Amino acid sequence: MQKTDIEIAKEAKMLPIKEIAANLKISEDNLELYGKYKAKISDEYIKSIEKNQDGKLILVTAINPTPAGEGKTTTTVGLGQAFKKLGKNAIIALREPSLGPCFGIKGGAAGGGMAQVVPMEDLNLHFTGDFHAITSANNLLAALIDNHIQQGNELHIDPRQIVWKRCLDMNDRVLRNIVVGLGNKMDGMVREDHFVITVASEIMAVLCLADNMADLKKRLEQMIVAYNFAGEPVTANDLKAVGAMAVLLKDALKPNLVQTLENTPALIHLGPFANIAHGCNSIRATKLALKMADYCITEAGFGADLGAEKFFDIKCRQAKLKPDAVVLVATIRALKYNGGVKKTDLSQENLAALKKGSTNLKKHIENLKLFGVPIIVTLNSFVTDTQAEIDFVLDYCQHLGCEFALSRVWEHGGEGGIELAEKVINTLATKTSDFSLLYDDELPLKDKIKSIATKIYGANDVIFADSAEKQLARLEKLGFGRLSVCMAKTQYSLSDNPERLGCPANFDINVREVYVSAGAGFVVALTGAVMTMPGLPKEPAAFKIDIDEAGGIAGLF
């Protein structure tokens, strides 16, 4: 009988995290231990290696996925393990999982099979408390807003123009639109309020993009929480909230060190979703990995139309990073899904659907070429894949003139990623990254949105709702026109309609709302029906999660 991910993780022979750190030349004094197998890395150590030469930066991204995901994290972990088997000094830099999908439909985000980060249960649950710190800081700010209004409203905040939302790291659709302040006069002003999932909080983005505590506090100061009756922005700094929030976030700013099943070091730090936020782990962890190792292998959420574009145009722009190579993950089942096959039939051979769905792979390859970074396509192998299907994808990639490698890391761990690792190493040695951004800072916000929609998604045009037009004009007037754009869009389609799979044509992108995340340094454009607070499915993963009397956890995946 095939073992589950959690069963495999429980059998892992983990090394004490002090030993993993020692192999990286990190002393115990520079660790803040969270038990035996996880630790935070001190600010002092980070400062001590700032002048080290950077290693190579490898991004792992994917085609448009099925609802269960295509093993992008599994591939990232397995690739790191393969580098170690080849005697290379590599570190993995990943996002932390959110409790929302863990208890929802997608499950955890620690990899899978023989390519996992451990301790898997800790990682997928409370880990080192980073998400709790973000939730607390976010909701402290929300409480200070309502308290300020209750105590006389010296800043003349317009209750109808409060844009700061409360947050919770859980999928809970009934909290999307709520009314607060019901009761008597001492219970606050009655107003409409909203919740977002913690990974969509601007504080998550701010932490991910901050270089240090000084930069974090500066970004927190700039966050716009509301507008006054004159239409002027009110910031977290105006509310005197920055110091207290920074105290809550002081430990969350430090990257977390763990390991893979094969004891490859991994920095797991923070994690905004890519469909509703910018989808990358922290700049701090990525930069740290580049200083500590010859190779940093990181990922960006969902398909390349979301995660990779935001990695390049937001993270790399702000951090002045230059990626050296991109690994594009595809699966037979996702290609067939994009070819119109139902989720229940993905295990059956269907070459016609595979051919039809491969246009999605082709579009992502074309998109990545726009950024000038060398590309390696990898097929994440599933046991249901047939040889005919694998041969088709191999021939398809060769026809496109693209490097290709089969990855069997789920089944064989690092050994199953040797072919991919060798292709990546050869690409790094023979090809030079000519990295460039998709758009210039000076381009107006509307044109930036159109650039992403037409060049990356393949849309004919962008249709802006009247409210979005007014919001864009306001943001340009307030001086936010030079900021990057973070598109909030479905992950299942290149369009804003999750039902339009493959490589859709003749469609427009519909932008219904635009708002600024001034601390994070980008403007968010909401498209289609994408939600910043997801809901649970009819049969959530939570139904299968349990713990026994001995403390053994079951049902995580």
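A charge sits over a ring if NZ of Lys or CZ of Arg is within 6 Å of the ring centre and within 35 degrees of the ring normal. I began with that test. The charged end of R474 sits over the ring of Y227, 3.7 Å from the ring's centre. I also looked up K446, which lies over the face of F464 at 5.2 Å from the ring centre.

**Ground rules**

I note that this is a predicted model: local features need pLDDT of at least 70, side-chain atom pairs count only at pLDDT 80 or more, and totals for chains, interfaces and linings use all residues. Residues are numbered from 1 along each chain as its sequence is written, and side-chain values use heavy atoms, with hydrogens and water left out.

**Overall build**

I looked up the secondary structure next. The protein chain has 19 helices and 25 strands. Helices (H or I, at least four residues) and strands (E, at least two) are DSSP runs, numbered from the N terminus. The radius of gyration is 23 Å, close to the 24 Å that the globule rule gives for 557 residues, so the chain is as compact as a globular protein of that length. That radius is taken over C-alpha atoms, and the globule rule is 2.2 Å times the number of residues to the power 0.38. Along its principal axes the C-alpha trace spans about 70 × 60 × 50 Å.

I then asked what share of the 557 residues counts as buried. The figure is 59%. Buried means under 20% relative accessible area, exposed over 50%, and partly exposed in between (1.4 Å probe, protein chains only).

**Aromatic rings**

I found 5 aromatic pairs in the structure. In one of them, the rings of F312 and F371 have their centres 4.5 Å apart and their planes at 40°, so the pair is tilted. F312 is in helix α12 (residues 304-319), while F371 is in the loop between α14 (351-369) and β18 (375-380), so the pair ties together parts that are 59 residues apart in sequence. F312 and F371 are both buried. Ring pairs also link F311, F312, F371 and F435 into a cluster. The rule I used: rings of Phe, Tyr and Trp (its six-membered ring) pair if their centres lie within 6.5 Å, and planes under 30 degrees apart count as stacked, over 60 as edge-to-face and the rest as tilted.

**Salt bridges**

A salt bridge is a side-chain nitrogen of Lys or Arg within 4 Å of a carboxyl oxygen of Asp or Glu. The count comes to 25 salt bridges. I picked D130 and K40, whose side chains meet at 2.9 Å, N to O. D130 is in helix α7 and K40 in strand β2 (residues 39-41), so to speak of this pair is to speak of distant parts of the chain, 90 residues apart. D130 counts as buried at 1% relative accessibility, and K40 counts as buried at 0%.

Helix α12 came up again. D313 and R317 both lie in this helix, 4 residues apart, about one turn. Their side chains meet in a salt bridge (3.4 Å, N to O). R317 counts as buried at 14% relative accessibility, whereas D441 is partly exposed at 24%. Salt bridges that share partners join D313, R317, D441, E442 and R482 into one network.

**Backbone notes**

The peptide bond from V118 to P119 is cis, with omega near 5°. P119 lies in the loop between β6 (115-118) and α6 (120-124).

I looked up two asparagines with positive phi. Phi of N153 is near 55°. N153 is in the loop between α7 (130-150) and β7 (157-162), and is buried at 14% relative accessible area. Phi of N263 is near 70°. N263 is in the loop between β14 (256-260) and β15 (265-268), and counts as buried at 18%.

**Surface patch**

V179, L182 and V190 form a nonpolar patch on the surface, with about 290 Å² of accessible area together. V179 belongs to strand β9 (residues 178-180). Patches are made of residues with over 30% relative accessible area and no salt bridge: like charges are joined within 9 Å, nonpolar side chains (Val, Leu, Ile, Met, Phe, Trp, Tyr) within 5 Å. Areas come from the Shrake-Rupley method with a 1.4 Å probe; for residues, only the protein chains shown count as cover.
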